[in-house]
Amino acid sequence: MTFRTYRQVGGPDGSGIAEQVGAQRARVDRQLRAVRRIVAVMSGKGGVGKSFVTAALARLGAGRWPGRVGVLDADLRSPTVARLLEATGPLRVVDAGVHPATGTAGVRVISTEFLLESGRPLVWREPDAEQFVWRGALETAVLREFLGDVLWGDLELLLVDLPPGADGVADLRDLVPQLTGVLAVTIPTDEARQSVARALHAAAAAGIRMLGVIENMVGYRCSDCGHLGPLFPGSAGSELAAELGIPLVARIPFLATPDALALDDAETSRVFEAIG
Amino acid sequence: MKFLCLDCDEQMQFAERQVPGDGTFAAAFRCPGCGRSVALLANPMETQLVGSLGVKIGGRTLDAPPLEMVRSAIQGRDDAFVDEDRAPRSVWSGAAEERLSRVPTFVRGMVKRIYADYAAQHGIAEITPEVMDRARGDLGLEGM
């Protein structure tokens, strides 16, 4: 038996799936049209303070562009950045979309933090079995809706706080081809360096622009004398920067809260140079 | 997907969609040449796969409401959202909830959404078994 195959049959696809996926993409594109820079903040591993750095960068950005900085918390299962920015729900829904919450310094925030009961994990309503089959699709759909259904408005900078690991940035790039690039966060240790290097190489392989490295928790500053004492061994930040040929944008000591971030002029300048 | 009538070498046309309410999905296609019809019968896993993409087989007549997947797929706080432009959400009667509980859990959210959308579109404050029957008739659903 011989018969024509899918591409040989020229008529429209009866499922309408391709059109709907196209409409979803168009919706993301439309919503982000007035966003000038979309910067992903990533790390290869958890516990390096990625969300903390995201919140600190958002505050820094809001100082330059008041009311025109947003943060999308893509760490769906372990959202923290909303709390760091003191943004709370409920979220206001209108026909055109969802208004992001407003946090410290006027930063606009969207996060699963607003949806989940305090201290409760992210739980999908369905299916109740074999969730591993669907989880990736569901998480990407949530990310797509956070990009395309939130009324971001006119922003100079949208920071996307990615979950730990290397996959998130590629998914984000698929949804947002105009992604400005990624900032990587590490702590000084060699273990962190190796993990972040893997994530950065994955990003480079996906053709994503690497904007720089931020080394977090480089030391602990004495509250009495201001001396910066050691906290972790290693120099992952400078090593990653050399290995990948990207700038070491900032070295941040251990801080209790994001508003304690005090970059010097050179570091501030490097941050804004990195994000463009 | 496309369906090809092998006898006529004609592409069959999408005719009708049915969501029986048991987690499966059905779509009928008809050959414009000979009039023969076939039905695509998707099992619950296939139906869930499509639902996870946030799309509907056969296409949508209305744009998806904001955060449709987020709101339907994540178990979250009841007070996470305030709907400002939209009609208030309908409540479910005990009998309607009991009937809904007989739907397989992994597609229950999808089925619930169909009834909730119907109630919202018709300004119905409470979803009862009678409303479910009316929706089934109006929407051409079987077995719900």
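Helices α6(A) and α7(A) run roughly parallel to each other, a label given to angles under 35 degrees, with over 145 counting as roughly antiparallel, 65 to 115 as roughly perpendicular and the rest as oblique. This comes from a predicted model, where local features need pLDDT of at least 70, side-chain atom pairs count only at pLDDT 80 or more, and totals for chains, interfaces and linings use all residues. Residues are numbered from 1 along each chain as its sequence is written, while chains are lettered from A and ligands numbered from 1 in the order in which they are written.

The axes of α6 (residues 190-205) and α7 (residues 236-244) of chain A cross at roughly 30° and come within 9 Å. Here helices (H or I, at least four residues) and strands (E, at least two) are DSSP runs numbered from the N terminus, and axes are lines fitted to C-alpha atoms, for helices over the stretch in contact, with angles running from 0 to 180 degrees between N-to-C directions. On the α6(A) side, Asp190(A), Ala192(A), Arg193(A), Val196(A), Ala197(A) and Leu200(A) meet Ala236(A), Glu239(A), Leu240(A), Glu243(A) and Leu244(A) of α7(A); contact takes C-beta atoms, placed from the backbone, within 7 Å. Sorted by class, that contact holds 7 nonpolar, no polar and 4 charged residues.

Next comes the inside of the model. The largest nonpolar core has 91 residues, and Ala40(A), Val41(A), Leu85(A), Val160(A), Val182(A), Leu183(A) and Ala184(A) touch the most other members. Such a core is a set of buried Ala, Val, Leu, Ile, Met, Phe, Trp, Tyr and Cys residues joined through C-beta atoms within 7 Å. Not counting residues up to four places away in sequence, Val160(A) touches Ile38(A), Ala40(A), Val41(A), Leu72(A), Ala74(A) and Leu172(A).

Gly70(A) sits in strand β2 (residues 69-73) of chain A. Gly70(A) counts as buried because it has 25 C-beta neighbours inside 10 Å; the cut-off for buried is 20 or more other C-beta atoms within 10 Å, with 12 or fewer for exposed and partly exposed in between. Leaving aside neighbours within four places in sequence, Gly70(A) is in contact with Pro100(A), Val107(A), Arg108(A), Trp152(A), Leu155(A) and Leu158(A).

As for the two chains, 43 residues of chain A are in contact with 40 residues of chain B. Helix α4(A) supplies the largest share of the chain A side, 6 residues.

Conventions:
Nonpolar A, V, L, I, M, F, W, Y, C, P; charged D, E, K, R; others polar.
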